[in-house]
Amino acid sequence: MTPANDDRILIFVGSYTAAGNGNGEGIGTYWRDGRTGELTPAGSLELDSPSWLTPHPTLPVLYAVNETAEGAITAVAIGADGTLEALNSLPTGGADPCHLAITPDGRYLLCANYSGGSLAAFALGPDGVPTVRTALVYHEGAGPDRERQEAAHVHMAVVDETGTLVSAVDLGTDEIRSYRLGEEGELIPLAVSTLPAGTGPRQLVRRPGTNHAYVAGELSASVLTVREEPPGTFTVESSVPATLNPGRENQPAQLELLGDRLFLSNRGPEAITEFKLDGVLPKAVADHSAGEWPRHFSIVGEHCYVASQSGDVVQAYELADWRLIGTYPIGSPAFVAPWRR
């Protein structure tokens with residue numbers, strides 16, 4: 001959690017562009033006032049559908065997926081004034097890449113190809129620029145939802161704190177597939193964990209200092225508590241509805257852990273649901289309004305920023321009482337997050 005008294009923090013926003021049936025322009029940067037939460041434009045970069053962004057752990061380099069049928073990643077230099085400059089792009093080997101993760105040492109970048117049903121690894125040079133794709137593994141299988149689970153759909157890549165274990169969350173096959181990341185960037189199969197049929201897992205968040213993690217089920221509209229033992233193998237312990245008021249059509253999206261609280265954006269109910277962790281199990285305590293189709297959000301200091309994809313805005317809320325404090329017009333925002341240096 002970023003301290004609320006930080007004077008200025010750079011916020012990144014990625015949007016769907018015409019290449020992904022959206023009306024955004026690419027990546028925008030904004031300076032955040034740590035006291036008021038207000039955002040001021042700093043820079044922008046035209047880029048095809050950068051729907052997920054991940055910064056390098058130590059260098060002023062940002063990585064974006066290009067969520068298109070061709071599928072690519074783009075490395076972007078971050079200027080001290082918040083401006084952006086594209087460095088290079090490489091194909092991901094699969095369609096519609098939707099998530100990125102980087103190893104703690106900054107040597108490798110992992111990419112989830114949603115429609116491609118694959119997981120890719122890239123080597124990063126000393127300057128943070130991707131040099132070569134080192135691995136590409138394909139998933140096979142399907143689930144009971146004939147429209148959404150007709151094939152594998154890798155939605156997230158999660159790297160553990162050692163940087164050697166990668167877990168791929170597959171919405172299409174109801175699985176979490178784990179790999180060892182080799183010294184040369186190869187992906188070595190380690191374990192396959194099967195979740196309840198029709199879960200449609202979208203995201204996985206580990207709880208630091210424990211062997212527990214939480215999974216957002218997009219198709220089942222649920223939050224699963226899983227035990228990770230041994231590393232890379234996940235066993236379901238419980239499942240709870242994704243909102244306080246289940247029963248309506250819902251597609252959960254972003255899952256974030258903050259201390260003893262979980263937050264989950266719910267598209268359909270148009271809410272971010274707050275969960276309190278009772279031991280290891282989450283209990284929903286509030287549904288907070290979140291605009292139209294809240295795809296992604298980030299909690300920064302005492303504020304929450306929500307990418308309201310269908311509303312064409314990023315909305316800022318006061319975390320204490322969930323009061324709306326700012327609305328920023330941005331076409332088809334898909335991602336919003338700070339650069340924590």
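F263 is in contact (heavy atoms within 4.5 Å) with Q254, L255, E256, L258, I272, T273, E274, F297 and I299, leaving out residues up to four places away in sequence. This is a predicted model, in which local features need pLDDT of at least 70 and side-chain atom pairs count only at pLDDT 80 or more, while totals for chains, interfaces and linings use all residues. Residues are numbered from 1 along each chain as its sequence is written, and side-chain values use heavy atoms, with hydrogens and water left out.

- F263 belongs to strand β21, residues 261-267 (strands are DSSP runs of E, at least two residues, numbered from the N terminus).
- F263 has 4% relative accessibility and therefore counts as buried (under 20% relative accessible area, 1.4 Å probe, protein chains only).
- A separation of 9.8 Å lies between the C-alpha atoms of F263 and A242, which are 21 residues apart along the chain.

**Open sheet**
- Four strands, in the order β3-β2-β1-β28, form an open sheet with antiparallel pairing (two strands pair if DSSP finds at least two bridges between them).
- β3 (39-46) and β28 (333-338) stand at the edges with a single partner strand each, so one side of each has no neighbour in the sheet.
- Strand β2, residues 26-33, pairs with β3 over seven bridges in the antiparallel sense.
- W31 has T40 in β3 as its bridge partner.

Notes: Buried < 20%, exposed > 50% of the residue type's maximum accessible area, 1.4 Å probe, protein only.
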